Amino acid sequence: MTVPAPHVRALVHPVHPRHPHRRAERVPRRPHPVGELTPRHPRGACAPARTGQSVLAARFAHRLVEVLTGHRPAGQLQRHTSLPGYQQLTALVRTGPLRPRGRLTAHRLGRVYDSAPTARALEVCVRVEFGPRHHMVAFRLERHRRTEQWQCTAVEAR
C-alpha cells in the first residue's frame, strides 16, 4: 500500500538551517548618504515642537483657538498682535470658521507644529478637533524690533 506524500507549500522566505522559525540571513540595506536628510515616513518632516520656543507656540495656540471659538474675547490678544495680525484675527472671529454650529461641543487641540524660518520668526500650525470635524489654524509670531516681545503678525484658519 502506498501512502500519498503530504502536500508541501513552497516557502516564501528561506528557512535558517538550525532554527526553522527564523528567516535566513537578511541582505543589509544601503546606508543613507551622510549629507542627505530624507524622512522615513511622509509625516516625518513635520515633527512636533522642534524649536526652543515650543512652549510659547503652544500657549499662544491655545489662547488663539479660544478666541476663534468664542470662549475668549479678541481684545485679550490685541497687545500680542501687530495691527495686520489683529485685523486678520477679528475678521476670522466675525466669519467664524471655528465657531461650533448647532449643539455646543468642546474643542480639543492636537499637536502643535512649529518651525523657525529665521531667528526672529516662528511659524506654527495646530489641528483643532470638534468631535468628528477638524480644522487647521496657522499663525506667525515675530519678535518686535524695539521691545523684543513676540507678536502675532498673521493668522489663518480653515
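## The sheet

Strands β1 and β2 (residues 121–130) run antiparallel and are joined by 6 bridges. Helices (H or I, at least four residues) and strands (E, at least two) are DSSP runs, numbered from the N terminus. This is a predicted model: local features need pLDDT of at least 70, side-chain atom pairs count only at pLDDT 80 or more, and totals for chains, interfaces and linings use all residues. Residues are numbered from 1 along each chain as its sequence is written, and side-chain values use heavy atoms, with hydrogens and water left out.

Two strands pair if DSSP finds at least two bridges between them.

## The β3–β4 hairpin

Strand β3 (residues 133–143) pairs with β4 over 7 bridges, in the antiparallel sense. L141 has C152 in β4 as its bridge partner. Together β3 and β4 form a hairpin, with 6 residues between them. In the turn, E148 has a positive phi of about 65°.

Buried means under 20% relative accessible area, exposed means over 50%, and partly exposed lies in between (1.4 Å probe, protein chains only).

## The two helices

Helix α1 (residues 54–69) and helix α2 (residues 83–95) have axes that come within 8 Å. These axes cross at roughly 45°. α1 and α2 are therefore oblique to each other. Angles under 35 degrees count as roughly parallel, over 145 as roughly antiparallel, 65 to 115 as roughly perpendicular, and the rest as oblique.

Which residues meet where the helices touch? L64, V67 and L68 in α1 meet L89, L92 and V93 in α2. The residues of this contact divide into 6 nonpolar, no polar and no charged. Contact means heavy atoms within 4.5 Å.

T69 is found in helix α1. T69 is buried, with a relative accessible area of 4%. A polar atom of its side chain lies 2.9 Å from the backbone oxygen of V65.

G75 lies in the loop between α1 and α2. G75 is partly exposed, and its relative accessible area is 44%. In sequence, G75 and T90 are 15 residues apart. In space, they are 9.1 Å apart, C-alpha to C-alpha.

## The whole chain

The protein chain has 2 helices and 4 strands. From the N terminus on, its elements run α-α-β-β-β-β. The chain has 158 residues, and 27% of them count as buried. Among contacts in the chain with a separation of 6 or more, 46% come from residues 24 or more positions apart.

Notes
Axes fitted to C-alpha atoms, helices over the stretch in contact; angles between N-to-C directions. Nonpolar A, V, L, I, M, F, W, Y, C, P; charged D, E, K, R; others polar. Polar contact = N/O pair within 3.5 Å; in protein donor to acceptor, adjacent residues only side chain to side chain.
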